[in-house]
Amino acid sequence: MSASSDAIIRGGTRLRVRVSGAVQGVGFRPYIYGLATRYGLTGFVANDPDGVIIEVEGDRTCEFVVALPLERPPLARIDHISVQKIGALAAKDFSIRASEHGRVSTRIVADAATCQQCLDELFDPNSRHYLYPFINCSHCGPRYTIAERLPYDRRNTAMRKFAMCAACASEYADPASRRFHAEAIACPTCGPRLSHGINDIATAVDGGQIVAIKGVGGYQLLCDARNHDAVQRLRRRKQRDQKPFAVMVGSVEQVSEIAEANAAELPLLESVARPIVLLPSRNNLAPAIAPGLSRVGVMLPVAPLHHLIFHALRSTGAWHGVEGPVIVSTSANPGGEPLPINNAEALRRLAGIADLIVTHDRDILTRADDSVVAVVAGRRQFIRRARGYVPEPIRLARSVPPVLAVGGALKSTITVTRGSEAFVSQHIGDLDTAEGIRFFEETIGHLTSTLDIDPVVIAHDLHPNMATTRFAEASGRALVAVQHHHAHAAAVIAEHGLGRPTLALLLDGYGYGSDGGNWGGELLLCEGAGFRRIGHLAPLKMPGGDRAVREPWRMASAIFHLLGRKNEIRLRFAAQPQAERLPSLLDQPSVTTTSAGRLFDAAAALLGIATLQSYEGEAAMKLEACVRRTAVLEAGWMIDGDVLSFRPLFARLIADNVGATEGAGLFHGTFAAACVDWIARAARTTGVATVVLSGGCFLNAVLAEEIQRGCIAAGLTPLLPRRVPPNDGGLSLGQAWIAALQIAERPSVLERIA
């Protein structure tokens with residue numbers, strides 16, 4: 001609230017109140033209407049480009065302004081309230097006016113799971129919304145995925161083609177109703193309709209079939225998670241050999257049947273965002289759900305349709321036992337392509353995957369996959385940030401120029417800055433298909449137009465051949481190139497509002513280095529818009545180049561070669577057709593990498609856990625799953641100048657023929673301890689005690705927790721990313737922050753690079 005508000009609101013005449021934040025599409029205007037009525041005030045409320053404008057007149061305006069932020073609707077977020085005293089108009093009532101138009105600086109809130117009041121009506125035979133799969137109100141339902149532009153009014157959403165029936169129109173206009181100005185209001189008489197009945201869906205799932213349904217942000221594939229044959233069939237049809245599937249259960253009480261959830265994880269499951277939460281598995285579902293992994297992704301129903309499916313499943317004879325139904329709920333994107341959202345597209349692309357395809361006639365205007373989170377080091381960490389969280393902005397330490405940052409090529413996101421806010425898009429995915437590129441470009445168009453932003457600069461990765469770099473170069477705008485690991489560090493720096501020199505430990509699979517090299521295990525000193533590389537992991541050969549990423553046994557072979565034991569490669573990896581010729585290949589000059597991810601691959605292959613991988617991070621995830629407790633090999637690493645080497649650790653893993661469980665614990669414990677030693681030395685040298693930790697390897701909960709704990713014990717302040725993923729999903733935020741800092745430090749940069 002503005003500083004002068006106290007003096008103003010004592011006057012008791014007419015006040016103009018402006019509220020900015022997430023205040024459109026959340027029942028804020030009806031809330032204000034009710035509040036003004038309670039205090040006997042006259043005036044009006046309306047959406048405007050900045051948020052909401054209110055004028056109130058009467059004797060209790062002071063009480064109104066004080067109460068306003070305290071009783072806001074559950075989905076509302078208030079950033080700022082300003083109050084101005086104006087001339088009295090002797091108004092006779094309080095009204096909700098039509099939205100005012102102009103340049104937009106407000107925002108849409110994220111999609112929200114069905115609220116309890118709507119659920120009560122959904123299963124109440126006396127409700128006109130009984131068993132209606134599109135029930136919603138001002139406190140729940142789709143928002144971002146059905147909105148075309150701001151202001152958030154029905155005419156600007158996918159609901160504009162559904163004319164309200166008399167009953168819905170009455171509720172919409174009734175200030176006492178929970179659906180007062182609920183823009184997505186609908187009922188069986190006038191709203192969207194499913195192509196198939198709920199019982200048909202439940203019967204298909206119960207019968208072992210694969211069902212595609214149109215979810216909130218795109219199509220999902222469902223099947224019985226206890227039916228191994230059904231899950232295997234889904235894997236074959238979706239061409240997803242090993243990558244884990246998420247599962248959905250009907251209630252939070254049922255979670256304990258399939259997984260262990262602690263006090264930090266349960267609230268995440270039940271939050272209005274309804275993400276997929278990674279939990280320790282009880283291993284009592286189909287083995288093909290998450291092969292070789294110790295955790296399973298669990299979610300609760302998001303939309304009324306999900307609740308209705310579970311209700312119908314529980315009503316069938318097959319589910320009358322102690323255990324309740326559990327269904328696989330995975331993205332319906334064949335071959336890593338973007339989620340289908342269009343009915344015709346879904347019918348075409350999913351015909352060979354799903355036995356039953358369930359459409360409906362409410363359009364999805366913006367695709368958004370399910371978000372995936374875990375609790376790491378006691379707090380939420382994103383693996384994938386999308387539905388339920390986007391487009392919630394990240395508050396920056398200061399106002400910056402409008403920047404578009406286009407991220408990387410894998411797990412891609414974009415970021416748009418507006419004032420002191422950074423809007424990170426939903427997860428776009430990998431940009432190695434034409435469909436992926438189209439989704440990337442659609443997302444840029446939608447986010448910039450929705451926020452009414454014309455960026456002055458585009459920030460991109462340093463890699464010259466990346467699809468996002470080519471897009472930036474073709475834009476004709478001023479450009480800022482940001483090194484990959486510097487962007488990882490800057491994302492955490494921006495999120496935590498750091499304005500001082502900071503150490504950064506970046507551990508990931510690959511990033512194009514400032515020297516053109518293959519970086520991936522880096523220690524940086526970041527200050528302002530710049531950075532200095534003050535350390536890196538010892539380079540290791542990558543026999544076969546990019547092929548070594550898909551075949552961890554090749555990285556293990558490079559370890560044998562490094563240790564002077566190349567003759568053992570043929571014996572250890574005899575099952576690999578290329579093992580015979582690899583020693584001679586390693587004798588030749590080849591690509592090297594400082595990647596931490598490739599060391600995890602090598603350890604997984606050496607321990608017999610994974611010699612090949614069908615999805616990114618598979619070997620490292622299976623290695624982590626083998627950890628029961630960590631141990632530290634004393635003198636298991638060497639630090640020579642600025643280079644950290646794990647040669648002694650690998651020598652131990654090979655020489656002693658350590659088992660998978662013991663080896664995984666020893667590798668994780670030693671790797672973490674070495675990183676803490678490395679950081680602590682750098683802190684003593686530089687005098688900098690704050691360290692940001694990022695990169696895809698920090699998705700590994702064991703590693704993240706051990707390094708954080710070790711840094712704290714060493715008197716350092718470690719910071720992990722909490723608002724964006726540590727993997728490449730956070731790159732665009734870091735790119736945007738570096739570009740903004742460059743402009744602030746050197747305003748001429750725009751002219752120089754244009």
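The model is a predicted one, in which local features need pLDDT of at least 70 and side-chain atom pairs count only at pLDDT 80 or more, while totals for chains, interfaces and linings use all residues. Residues are numbered from 1 along each chain as its sequence is written, and side-chain values use heavy atoms, with hydrogens and water left out.

Strands of a sheet pair through backbone hydrogen bonds, either parallel or antiparallel. Here, five strands form an open sheet with mixed pairing, in the order β4-β1-β3-β2-β5. Because β4 (77-86) and β5 (94-96) stand at the edges, each with a single partner strand, one side of each is left without a neighbour in the sheet. From one strand to the next, the twist averages 15 degrees. Strands (E, at least two residues) and helices (H or I, at least four) are DSSP runs numbered from the N terminus, and two strands pair if DSSP finds at least two bridges between them. Strand β2 (residues 42-48) runs parallel to β5 and is joined to it by 3 bridges; G43 has F94 of β5 as its bridge partner.

Next comes T114, found in the loop between β5 and α4 (116-122). T114 counts as buried because its relative accessibility is 7%, buried meaning under 20% relative accessible area with a 1.4 Å probe and protein chains only. Beyond residues up to four places away in sequence, T114 touches L119, C140, V302, A303, P304 and H307, where contact means heavy atoms within 4.5 Å.

E551 sits in the loop between α15 (547-550) and α16 (552-562) and, at 12% relative accessibility, is also buried. Its side chain makes polar contacts (N or O atoms within 3.5 Å, one able to donate a hydrogen and the other to accept it) with the side chains of R547 (2.8 Å) and R554 (2.7 Å). Leaving aside neighbours within four places in sequence, E551 is in contact with T611 and L612.

Finally, 11 of the 11 residues of helix α19 (residues 596-606) are buried, so this helix is largely enclosed by the rest of the structure. S595 caps the N-terminal end of α19, with a side-chain oxygen 3.1 Å from the backbone nitrogen of G597. After α19 comes G608, with a positive phi near 75 degrees.

Terms used: Axes fitted to C-alpha atoms, helices over the stretch in contact; angles between N-to-C directions. Buried < 20%, exposed > 50% of the residue type's maximum accessible area, 1.4 Å probe, protein only.
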